[in-house]
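Reader: Could you take me through this structure, beginning with the overall layout?

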Amino acid sequence: MLSADDPLPLRPERVLVAGVSGSGKTTLSRRIGTMWSLRHVEIDGLFHGPNWAPRPEFLDDVRAFASDDRWVTEWQYTSKGTDAILTPRAQLAVWLDYPHRVVRARLIRRTLARGILRLELWNGNREKGPWNLLNRDPEENILAWQTATLHKWSERFPALQEHFPHLVVVRLRHPREAERWLRAQAEASGVSIAPPKRRSRDR
């Protein structure tokens, strides 16, 4: 497993970004896609149909984009069958293993903003109002889901690396490490990256 300061052994063409809810998987996936000219597929948009119903075509859509040569996506829905499709094809996994205080603050800000502004997310769905944060059901409350899955990746990665030895894994332990890693990859690739939005609480 590589750190933020280790050089990559290859310039990857298929990338998975792992992390708990609120860690910034989608934002980093987009930036990686721009940096390396990879197609970014937001996997939430494939999974959620109208009224938050799972789309029956989900795994077929995942198979379709995974068969392409160049892509980056969030490593999610592993219990729905994506591991068997995406992991054998991926060359690089970027693990956002941030402190709990960072991901918690990020998720609260994101959830409140989406709920108050009633932002449309995928296929007409919108975040439920702030009152839903009082719900204790992890399937209904994203904060409860984050708590329930907080240690998912630290528990899974040892077995994943054993089963998929071809997969290069980079573990980033703080947003500052992620920025340092992105700058290093951009310099190595001879491209420029957009500066991040300031997050004064990500300390």
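Author: The protein's secondary structure comes to eight helices and five strands; these are DSSP runs, helices being H or I with at least four residues and strands E with at least two, numbered from the N terminus. This is a predicted model, in which local features need pLDDT of at least 70 and side-chain atom pairs count only at pLDDT 80 or more, while totals for chains, interfaces and linings use all residues. Residues are numbered from 1 along each chain as its sequence is written, and side-chain values use heavy atoms, with hydrogens and water left out.

Reader: In what order do the elements of the protein run from the N terminus on?

Author: The order is β-α-β-α-α-β-α-β-α-α-α-β-α.

Reader: What percentage of the 203 residues is buried?

Author: Buried residues account for 45% of them. Buried means under 20% relative accessible area, exposed over 50%, and partly exposed in between (1.4 Å probe, protein chains only).

Reader: Turning to helix H3, which of its residues are buried?

Author: In H3, residues 58–66, they are Phe 58, Val 62, Phe 65 and Ala 66. Seen down the axis of H3, these buried residues fall within an arc of 100°, so they line one face of the helix. The arc is that of the directions from the helix axis to the C-beta atoms.

Reader: And what do the buried residues of H3 pack against?

Author: They pack against strands E2 (39–41) and E3 (71–74), and against helices H2 (43–47) and H4 (83–86). Contact here means heavy atoms within 4.5 Å.

Reader: Another topic: what volume does the second largest pocket have?

Author: Its volume is about 150 Å³. Of the 14 residues lining this pocket, Val 20, Asp 97, Tyr 98, Leu 150 and His 151 are the closest to its centre. On a 1 Å grid over the protein atoms alone, a pocket is an open set of points where a 1.4 Å probe fits, with protein on both sides within 12 Å along at least five of seven lines; lining residues have an atom within 4 Å of a point. The volume is the space filled by probe spheres set on the points, which are joined across faces, edges and corners.

Reader: Which element supplies the largest share of that lining?

Author: H7 does, with three residues.

Reader: Lastly, where does Val 191 lie?

Author: Val 191 is in the segment after helix H8 (175–189). Val 191 is partly exposed, at a relative accessible area of 32%. Val 191 and Met 35 are 156 residues apart in sequence, yet 6.7 Å apart in space, C-alpha to C-alpha.
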